[in-house]
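Please examine the sequence and the structure shown below. Some questions and answers follow.

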Amino acid sequence: MRGLVIKSTGTSYGVHFEDGTTADCHVKGNFRIRGIRSTNPIAIGDYVEVTALDDGTHWITDLYDRKNYIVRRSTNLSYASHILAANVDMAALIVTLRHPETSTTFIDRFLATCEAYRVPACLIFNKVDLLNEDEQHELSALRQLYESLGYPTYAISALSLASSPDSTIASIFDGKVTLLSGNSGVGKSTLLNAILGKDIARTGAISSAHHKGMHTTTFSEMYPLHNPTQPSWIIDTPGIKGFGMLDMERHEMGHYFREIFAISQECRYSDCVHINEPGCAVNQAVIDGRIALSRYESYLSMLDDITENKYR
């Protein structure tokens, strides 16, 4: 039977079948040695083949080809990566300027990761009702920056959406499989509950000591949006602390920053990494203000990671 993986607990997988049923499935041990260098050979969004045994157990016996996937660096150093989700139509990063603060470096690493794995991305700025006047100006500047690069942005208050649903926000997810991601505490679960119209995901508080979110989602799960004309799914993931590129060469990193890649065509040398090479058009663009300093600094931080072999 062919099914869609909609839940992962680390020890088993929830698989949804075309007839509308769902089964708790396990993976054969030898499945993990097929050359898949990740902590999870099966990921949310995967299509798999399942065999039901006479004793009532269900086993995943094969994995269908993925159209794409998105990964983060694994915390288990014996593996190269952890696959967040597969067969994704869009990745939506939930961002908060305050309570807690999402750094522009984190945003840029997320977007570069999406570029590398060919996943369209958007930014959803949450908790905008908590911002003062200066912070509202900061929000406007950030939205202008990322929209100028071709990334759609949205400004919301997930708490307000819970009491007053906004069809404009809900329509973002229509007809798509969307990965919701972000730091802990940015309101992923609150937004998901508001979109679904019921309390599915557990929400939590912000640490008063560190102004950071505390994990409430402990495993990934995929939720259906009940739209009969446009089947849609949203993937909720545990809060993520960081992203790193895997198996990348230094001269490739600029390919995943859209404006750096575009301007790099004017560099004197084709293998320019845009640090201090003569005739570097990217360096000049940073000086001229045509490339945002925050974006360039994020690019340099990812270059440093490669140099130190953090993600190789």
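Helices (H or I, at least four residues) and strands (E, at least two) are DSSP runs, numbered from the N terminus. This is a predicted model, in which local features need pLDDT of at least 70 and side-chain atom pairs count only at pLDDT 80 or more, while totals for chains, interfaces and linings use all residues. Residues are numbered from 1 along each chain as its sequence is written, and side-chain values use heavy atoms, with hydrogens and water left out.

Q: Which residue does a cis peptide bond join to His99?
A: The omega of this bond is about -5 degrees. The residue in question lies in the loop between β8 (90–95) and α1 (104–116). The cis bond joins His99 to Pro100.

Q: How far apart are the end C-alpha atoms of helix α2?
A: The expected span of a helix is 1.5 Å times one less than its number of residues. Helix α2 (residues 133–148) has 16 residues and therefore should span 22 Å. The distance between its end C-alpha atoms agrees with this, at 23 Å.

Q: Which residues of α2 are buried?
A: Buried means under 20% relative accessible area and exposed over 50%, with partly exposed in between (1.4 Å probe, protein chains only). On the other side of α2, Glu133, His137, Gln144 and Ser148 are exposed. The buried residues are Glu135, Leu139, Leu142, Leu145 and Tyr146.

Q: Is His274 buried or exposed?
A: His274 is found in the loop between α6 (258–264) and α7 (281–288). Its phi is positive, about 65 degrees, although His274 is not a glycine. Because its relative accessibility is 5%, His274 counts as buried.
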